[in-house]
Amino acid sequence: MFTLAEVASLNDIQPTYRILKPWWDVFMDYLAVVMLMVAIFAGTMQLTKDQVVCLPVLQSTVNSKAQPSTSGKADVTTVETTTGQGEEASMRTVSFGSAPTVTPDIPLSRATSSQYQPTESGQEPKKEQKDSSGRKTNLDFQQYVFINQMCYHLALPWYSKYFPYLVLIHTIILIVSSNFWFKYPKTCSKIEHFVSILGKCFESPWTTKALSETACEDSEENKQRLTGAQSLPKYVSTSSDEGSPSASTPMITKSGFKFSADKPMIEVPSVTILDKKDGEQAKALFEKVRKFRAHVEDSDLIYKLYVGQTVIKTVKFIFILCYTANFVNTISFEHICNPKVEHLIGYTQFECTHNMAYMLKKLLISYISLICVYGFICLYTLFWLFRIPLKEYSFEKVREESSFSDIPDVKNDFAFLLHMVDQYDQLYSKRFGVFLSEVSENKLREISLNHEWTFEKLRQHVSRNAQDKQELHLFMLSGVPDAVFDLTDLEVLKLELIPEAKIPAKISQMTNLQELHLCHCPAKVEQTAFSFLRDHLRCLHVKFTDVAEIPAWVYLLKTLRELYLIGNLNSENNKMIGLDSLRELRHLKILHVKSNLTKIPPNITDVAPHLTKLVIHNDGTKLVVLNSLKKMTNVAELELQNCELERIPHAIFSLSNLQELDLKSNSIRTIEEIISFQHLKRLTCLKLWHNKIVNIPSSITHIKNLESLYLSNNKLESLPAAVFSLQKLRYLDVSYNSIALIPGEIGLLLNLQHFYITGNKVDVLPKQLFQCVKLRTLCLGQNCITSIPDKVSKLLHLTHLELKGNCLDRLPATLGQCQVLRKSGLLVEDHLFDALPPEVKEALNQDTSIPFANGI
């Protein structure tokens, strides 16, 4: 037999699962426990006291004609009566020559043996004694035991015998059905994770903080509405309203305190402070909730299983009720038994009593009552399951009560679990919704970020860049720390790989900010912040992967001077570049596009009249259409790098104001078109480096104002005399070619200050080279030079001399007469430097500030 502890273990659900047990499941569990107690009580009573007592049913006249006794002896009849407790009483009646007289009107229950006195033949029997009553039988004790056992199995209805066991089995089935969804492997794992995450979300300090701040924000907004929030100081733009962002522009229209450039407002302090450990735990919870939602929302197995087990319990209730009601009346105290063992007993019919009948009937009625209550609850559960769509859950009420308006509605098993939790306590779902909100997650990131990146830490990361400007570079953060905007002396701000970057109104404090870098950072700005950037920002760098990452407000910055766009702008997306909006950038002077263009977008002509510098760096994609260049009459600097150009574009020759042309890293083989550069009177710098140029045409002499000529990394084998007719040439770079000879005409370049011929095949230096007394930089490395003439001492302004990688065996001692040259500017092998005279080495090791003190 089962013990109570063993059976109760079937209903042993972890205490943490109680949040998924609605009131009807809890109530049904209690009903099941009561039914279990009924079964155990009935079974115990049946095992200990259940039995049947039977007496034979006698005929009205038995052996009416008495037969004389032939033996002359007295017949002795023993009457045994078995009580419910197994006691026995027997009396012996002795009669002479006649059978006992049966009195049919005396009940069996009062039957006792009577004693007759012996009489002579023909005499009447004496009056019965006062203590003699009932009827006498011819059964002994063993026969009574036998017939009781026979009639227990034959006369007693089967339901009276097996009622406790049936109740036990039914109850166990109902208990299993109630908790099967907690035990089934496909569902219990999801339920376990859900309960674990839900408990952590409920207890997380972040939920309390988020909900508290929501209440604080609501109260602040109400206060502002009552006192007139519009009276708060805002940044006053110096420009007109023209160019303000449209409704589609990604702006942050968050209501609250605004910041003025003159008097910054103080933010409302947070209600609570979230320490680093709690913040990390909250971040982990956001990730767990995101993954759990993706895992659970794709199926509805838990819902179907719960519906299935509820249907099974309802069917079980109907089945139990139907067959149990028929057996209520079969449980009775008296039964008639016909065992058909007359040859053993001598009687055919017996009247039996069942001592447990009354108790069993009361227990059965109680059980039916419990089953009826259980069934009505099952019907209510089915009504609840099908009355509302439980596979959909809306956080509409939570969204209305909090500032987290982005909490998404969920579906399938995720929705069903939340519906079940609501039956326990709706506060669980409300707190859980905090971890479904991206706004909440962003707030957590902001708090954690501000906690980690304090003003002091940010100040340590501020550095000086090449332009001697104060620069701060923030890389791969979850957002922009608030303390950044307290660095009022910052000039350059770089934000890289910050997907949730937001620029608040507080940026209006940074009056020195002129340059902003957004590298894969589609930043959003508040209205006041945009007004400030529109009037103060001068340089903007935007690096992106997809054109959609370019913030729309970029094209509305009227005072912007320099714009750098770096990303994928292929032909299909050209119309999406946003250059159509560049017409608003009325002060734009420099446009730098690093992409994969096949043509210069026609829309760029909107800003062409006031552009002074255009830079296009392709990734090797061939730039075909260049006709738009003709309209850029004010362009002074033009760079077309890595555009697979094979010739100098003719459109360039129309740029009358062009001063610098850079055609680096193309496929130019010939530059015969260089004769057309004679129309470019202002051209002073020509960069044709990293191409495939074989020779320089003599027509280069027509570029009389040329001051810088870059021809490195080409295929030149000689330098024509025409190059040395450019009297204004100050910078000549022919490095990494195949030049074997430096012509003596180089001495004509009296203004030459920088000469690079590294990486060629030069073996002799002409004496005319040292007539270029203004030389400051002379790079002769990686050639075949065997000696350096002593006339190098004439180069009094020489500051950089490269000789490394040649065939030199010594250095001239006259190097010491190069007054500005120092060891740091002399690139040569160590053994050659060590071979110099001590006084030369001492001169080269002197402080570089001494010569300049003399005005050199």
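K687 is buried (under 20% relative accessible area, with exposed over 50% and partly exposed in between, for a 1.4 Å probe and protein chains only), because its relative accessibility is 14%. The structure is a predicted model, in which local features need pLDDT of at least 70 and side-chain atom pairs count only at pLDDT 80 or more, while totals for chains, interfaces and linings use all residues. Residues are numbered from 1 along each chain as its sequence is written, and side-chain values use heavy atoms, leaving out hydrogens and water.

The side chain of K687 forms a salt bridge with E660; the term stands for a side-chain nitrogen of Lys or Arg within 4 Å of a carboxyl oxygen of Asp or Glu. This pair links distant parts of the chain, 27 residues apart: K687 is in strand β21 (residues 685-687) and E660 in strand β20 (residues 660-662). Strands (E, at least two residues) and helices (H or I, at least four) are DSSP runs, numbered from the N terminus.

The whole structure has 17 salt bridges, including these:

| Pair | N to O distance |
|---|---|
| K687 and E660 | 3.4 Å |
| R293 and E297 | 3.0 Å |
| R534 and D535 | 3.7 Å |

R534 is buried at 2% relative accessibility, and D535 is buried at 9%. In the other pair, R293 is partly exposed at 23%, whereas E297 is buried at 13%. A network of salt bridges links E287, R290 and K291.

Q309 lies in helix α8 and counts as buried because its relative accessibility is 4%. Leaving aside residues up to four places away in sequence, Q309 touches S177, S178, F180 and W181, where contact means heavy atoms within 4.5 Å.
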